[in-house]
Amino acid sequence: MQLTRRHVVSGILRATVVIGFGVALGLGSAHADDKKTLTLGATAGSNFDQLKLGIKPVLEKKGYTVKLVEFNDYVQPNLALAQGSLDANLFQHVIYLRKFSADKGLNLVDVTKAPIAPLGLYSRKRKSLADLKDGDRITLPNDPSNLARALVFLEQNRLIKVKAGVDPLKVTEKDVAENPRKLVLTPIEAAQLPRTLDDAEFALINGNFAISSGLKLTEAVALEKTPDHYLNVVAVKAEDKDKPWTRDIVAAFRTPEYRAALDKHFAGYARPAYLQ
């Protein structure tokens, strides 16, 4: 078959377009992996402050432009991450992340553990657990994973007893087998718990919300001895877990600068093994 000049030119043009399109796709992918603007989210208080004081400066030294977004609940940070408004978030333990992702059909994963302010029992009406009276009201977080955590905390402090054989990560009010002091347990949205201190005798408050409301860890009647599965995690979309910028975020948590920020501003926080 004899090719005319027109056929040859047309073929060259089509090849050029295809090659150019492929190169453009490649450049676009490389650019997405190598991006230098990061948007990180956290709940108000210590989680947000850790990013602000310990992580943002480290990433900026590596050439990133970092935007921080503050949240006041446990729902929006994961939805924003899944929708692409955030590149990563810091506010939850891995149990909550996995349950929330499963319930909402989200493909989110944890990439590193991080410090957390311990769950604490606070009161403006009682100075210690020894002052607890029959029928006292205790408010506690209402989301399932932190409710289980709070009930286990109360059991460890011998205030209630949970049914034998129940998974401690899935305990609910229905699993309370013994409540000898007839305590009134009232689940409340976690962010609102500090506001209940004027009415309830005790409030079991997540550390970040306690601190953001002006409470100090040293003011707690009792503090949780936080197990590893309740440490904070940094979460990203599963498709982003191996991206260079995700690796840089993880590396930032392991820098001397971040450790120094923890030592200065976040004394008493439960830390993962790599920060001990």
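Which strands does helix α3 (residues 76–83) lie across? I looked it up: α3 lies across β2, β3, β4 and β12, and runs at about 145° to β3. My notes on method: this is a predicted model, where local features need pLDDT of at least 70, side-chain atom pairs count only at pLDDT 80 or more, and totals for chains, interfaces and linings use all residues. Residues are numbered from 1 along each chain as its sequence is written, and side-chain values use heavy atoms, with hydrogens and water left out.

Next I checked the sheet. I found an open sheet of five strands in the order β2-β1-β3-β12-β4, with mixed pairing (two strands pair if DSSP finds at least two bridges between them). The edge strands, β2 (65–71) and β4 (108–114), each pair on one side only. Strand β1 (residues 37–43) pairs with β2 in the parallel sense over seven bridges. I also noted that alanine 42 has glutamate 70, in β2, as its bridge partner.

Then I turned to α2 (residues 46–61), which has 16 residues. I saw a bend of about 40° at isoleucine 55, with proline 57 following within four residues (the bend is the angle between axes fitted to the seven residues ending there and the seven starting there). Among the buried residues of α2 I listed Phe48, Leu51, Ile55 and Val58 (buried means under 20% relative accessible area, with a 1.4 Å probe and protein chains only). Just after α2, glycine 63 takes a positive phi of about 100°.

Methods:
Helix = DSSP H or I, 4+ residues; strand = E, 2+ residues; numbered from the N terminus. Expected span 1.5 Å × (residues − 1). Buried < 20%, exposed > 50% of the residue type's maximum accessible area, 1.4 Å probe, protein only. Contact = heavy atoms within 4.5 Å. Axes fitted to C-alpha atoms, helices over the stretch in contact; angles between N-to-C directions.
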